[in-house]
Amino acid sequence: MKLATLNEGRDGRLVVVSRDLSRRADASSAAPTLQAALDEWERRAPLLRSLSDRLESGALKGEPFDPERCAAPLPRAYQWADGSAYVNHVELVRKARKAEMPESFWTDPLMYQGGSDGFLGPRQPIPLADEAWGCDMEGEVVVVTRDVPLGATREQALGAIVLVGLVNDVSLRNLIPGELAKGFGFFQSKPASAFSPVFVTPDELGTAWRDGKLHRRLEVFLDGQPFGRADAGVDMTFDFGTLIAHAARTRSLCAGTLIGSGTVSNRGPDGGPGTTVAEGGAGYSCIAELRTVETLRSGAPKTPFLKRGNRVRIEMRDEAGSIFGAIDQVVGD
């Protein structure tokens with residue numbers, strides 16, 4: 001089952017979407033919004049699945065699906081927590097800041113609590129008031145949970161995942177060091193994130209969804225050129241069950257909680273930093289990682305951060321085509 005939210009009103013209007021992303025059907029008879037569906041998932045999910053099956057079979061004609069009309073599937077959420085499951089990425093970015101990485105980072109997940117009062121739709125521009133802030137994209141996988149009890153085990157956490165999607169977790173890199181130096185975490189350096197047009201139930205992913213990981217390549221393009229194609233199931237130190245259990249260690253998580261994977265990142269075949277797509281490698285899901293590799297190679301970064309007018313596209317495909325639709329954003333005001 002694939003779900004999207006049309007940009008109609010503050011919390012949008014929920015629709016079911018065909019597997020090939022060509023058609024959609026109004027879901028208000030089952031749930032007016034995605035949050036309403038998540039609040040009563042046991043009761044509403046079968047109603048949504050019935051609509052989805054009818055749309056897929058042709059019994060329900062539906063209308064053309066246009067990602068341009070989409071808000072984020074959850075236009076606002078009660079909880080958005082982003083992990084950093086790809087420790088290779090953490091290690092590289094910290095090297096760029098000349099910061100030591102504690103050994104505990106390999107055993108205890110990093111996580112920050114982001115702003116969730118308003119997300120960007122998949123086609124909305126990335127606002128940028130000052131290019132000196134060092135705007136960067138971060139291609140990630142995200143999951144949505146139903147209620148998760150305090151102290152949930154990894155297995156309980158995995159069972160609470162009801163939807164999977166993609167996120168562009170925008171970062172303002174040049175603001176990060178100053179904020180972290182205060183010892184109180186991110187705030188100004190983490191503006192609104194953007195999400196894929198549709199979120200899907202894990203069963204739609206087939207065998208690619210296993211062990212709490214999504215084993216597909218995350219395609220990242222910058223101004224139409226391939227930038228990254230890292231496999232989201234490779235080099236993921238902490239699976240989603242571990243990340244959710246980490247978040248629920250001291251608090252319960254309410255239905256509609258979003259948990260991000262952190263920037264998808266693959267090591268090179270020799271275990272060291274990966275190489276660019278042009279060099280035959282998996283490339284990168286953010287500019288900061290490439291800049292770090294450039295610094296390690298030549299002593300200084302060469303690739304600039306995002307400027308107004310740059311275009312970022314983040315997508316994941318299977319044999320049938322796009323799974324979640326594309327996040328396709330231009331940097332602008």
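The following conversation walks through a predicted model of one protein chain.

Visitor: What should I know about the numbering and the model before I start?
Guide: Residues are numbered from 1 along each chain as its sequence is written, and side-chain values use heavy atoms, with hydrogens and water left out. This is a predicted model, in which local features need pLDDT of at least 70, side-chain atom pairs count only at pLDDT 80 or more, and totals for chains, interfaces and linings use all residues.

Visitor: How many helices and strands are there in the chain?
Guide: Helices (H or I, at least four residues) and strands (E, at least two) are DSSP runs, numbered from the N terminus. Counted in this way, the chain has seven helices and 21 strands.

Visitor: Why does the chain count as compact as a globular protein of its length?
Guide: The globule rule, which is 2.2 Å times the number of residues to the power 0.38, is set against the radius of gyration, taken over C-alpha atoms. For 333 residues the rule gives 20 Å, and the chain is as compact as a globular protein of that length because its radius of gyration is close to that value, at 19 Å.

Visitor: Which strands does β16 join through bridges?
Guide: Two strands pair if DSSP finds at least two bridges between them. Strand β16 (residues 217–222) runs antiparallel to β17 (residues 225–231), with six bridges, and Arg217 has Asp231 as its bridge partner there. Five bridges also join β16 to an antiparallel strand, residues 311–318, where Leu222 is partnered by Val312. The two strands joined to β16 are therefore β17 and β19.

Visitor: Which residue in the turn between β16 and β17 has a positive phi?
Guide: β16 and β17 form a hairpin, and two residues lie between them. The turn residue with a positive phi, of about 50°, is Asp223.

Visitor: Which element gives the largest share of the lining of the largest pocket?
Guide: The largest share, four residues, comes from α3.
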